[in-house]
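Biologist: Let us go through this fold by question and answer. Keep it brisk, please.
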Amino acid sequence: MDTIRARHSVRSYEHKPVPADIRARVQEAVDQANRDAGLHIQVIWDETAVFAGKVKGAENCIALVGRKGDDEVLGYYGARILLAIQELGLNSVWVAMSFNKKEAERRCELAGGESVVNAIAFGYGTTQGKPHTSKPLEKHYTGTGELPDWFRAGMEAAMLAPTAINQQKFVFALNGDTVTAKAKLGPWSKVDLGIVKYFFELGSGHKVA
């Protein structure tokens, strides 16, 4: 939760190369996500063209590569990488539109049917960012009665999660001890669903069905 609270979207970066040991640990986080989920997420280092004019000074990119239908799993494992980056002392921002998709795909190895769905810009921010504005927590869950402390903690974590264009179009439901979540209609809402599921699970200690 300390990492979740400390992470904010940062859209301006210093020209400061990431040291080799930190690069290796970022790559480890990406490789582990790919092994666990059967994905093809890739890291692009020291390249300004991907975010030129869109995220100031950004030179490093996590390219969230997947096929049709991979949106939710990309969001889930991308969120895991995002928080690993934060723990390494780096800043980041999740982007859906603020990057050059063609430039990213030129620098990735893509198998048939794959594309770069979203991207994460990361590096050393010029600031640590600031909290984003969230909708009231009650707009994002359904259920009756008093909320268990663990569920409320999970919801608070989910409200701190980034979403692709800050739309927060998700809703959780609690039935007994079973938690489910679904995406509302909106661009990249399935990606967002994966992100908020991961944050919820970290905050609550409970899996989302």
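Modeller: One definition to start: buried means under 20% relative accessible area, exposed over 50%, and partly exposed in between. Bear in mind that this is a predicted model.

Biologist: Is Ile-44 buried or exposed, and what is its relative accessible area?
Modeller: Ile-44 sits in strand β1. The cut-off for buried is under 20%. Ile-44 is therefore buried, with a relative accessible area of 6%.

Biologist: How far apart in space are Ile-44 and Cys-61, C-alpha to C-alpha?
Modeller: Ile-44 touches Cys-61, and its other contacts beyond four places in sequence include Val-50, Ala-63 and Ala-104. Along the sequence, Ile-44 and Cys-61 are 17 residues apart. In space, their C-alpha atoms are separated by 5.0 Å.

Biologist: Which side chain makes a polar contact with the side chain of Glu-47?
Modeller: Glu-47 lies in the loop between β1 (42-44) and β2 (60-66). Setting aside neighbours within four places, Glu-47 is in contact with Ala-58, Glu-59 and Arg-107. Ile-44 also has Glu-59 and Arg-107 among its contacts. The polar contact of the Glu-47 side chain, at 3.0 Å, is with the side chain of Arg-107.

Biologist: Is Glu-105 buried or partly exposed?
Modeller: Glu-105 belongs to helix α4, residues 101-106. Its relative accessibility is 22%. Buried would need a value under 20%, so Glu-105 counts as partly exposed.

Biologist: What is the relative accessible area of His-8?
Modeller: His-8 lies in the loop between α1 and α2 (20-37). Beyond four places in sequence, His-8 is in contact with Ser-92, Gln-128, Gly-129, Lys-130 and Pro-131. His-8 is buried, and its relative accessible area is 17%.

Biologist: Which elements are included in what covers the buried residues of α5?
Modeller: Helix α5 spans residues 149-159. Its buried residues are Trp-150, Phe-151, Gly-154, Met-155, Ala-157, Ala-158 and Met-159. An α-helix has 3.6 residues a turn, so residues three or four places apart point the same way. The cover of the buried residues of α5 includes α1 (2-6), β5 (141-142), β6 (170-175), β7 (178-183) and α6 (189-204).

Biologist: Now the whole chain. What is the radius of gyration of the protein?
Modeller: The protein has six helices and seven strands. From the N terminus they run α-α-β-β-α-β-α-β-β-α-β-β-α. The globule rule gives 17 Å for 209 residues, so the protein is as compact as a globular protein of that length, with a radius of gyration of 17 Å.

Biologist: What share of contacts between residues at least 6 apart joins residues at least 24 apart?
Modeller: Buried residues make up 49% of the 209 residues. Of the contacts between residues at least 6 apart in sequence, the share joining residues at least 24 apart is 72%.

Biologist: And how far apart are the mean positions of the positive and negative charges?
Modeller: The accessible surface is about 10100 Å², with 49% of it belonging to carbon and sulfur atoms. The protein carries 26 positive and 24 negative charges. Their mean positions are separated by 7 Å.

How values were computed: Residues are numbered from 1 along each chain as its sequence is written. This is a predicted model: local features need pLDDT of at least 70, side-chain atom pairs count only at pLDDT 80 or more; totals for chains, interfaces and linings use all residues. Side-chain values use heavy atoms; hydrogens and water are left out. Helices (H or I, at least four residues) and strands (E, at least two) are DSSP runs, numbered from the N terminus. The radius of gyration is taken over C-alpha atoms; the globule rule is 2.2 Å times the number of residues to the power 0.38. Buried means under 20% relative accessible area, exposed over 50%, partly exposed in between (1.4 Å probe, protein chains only). Contact means heavy atoms within 4.5 Å. Accessible areas come from the Shrake-Rupley method with a 1.4 Å probe; for residues, only the protein chains shown count as cover. Lys and Arg count as positive and Asp and Glu as negative; His and the chain ends are not counted. The place of a charge is taken as NZ of Lys, CZ of Arg, CG of Asp or CD of Glu. A polar contact is a pair of N or O atoms within 3.5 Å; within protein, one must be able to donate a hydrogen and the other to accept it, and residues adjacent in sequence count only if both atoms are side-chain atoms.
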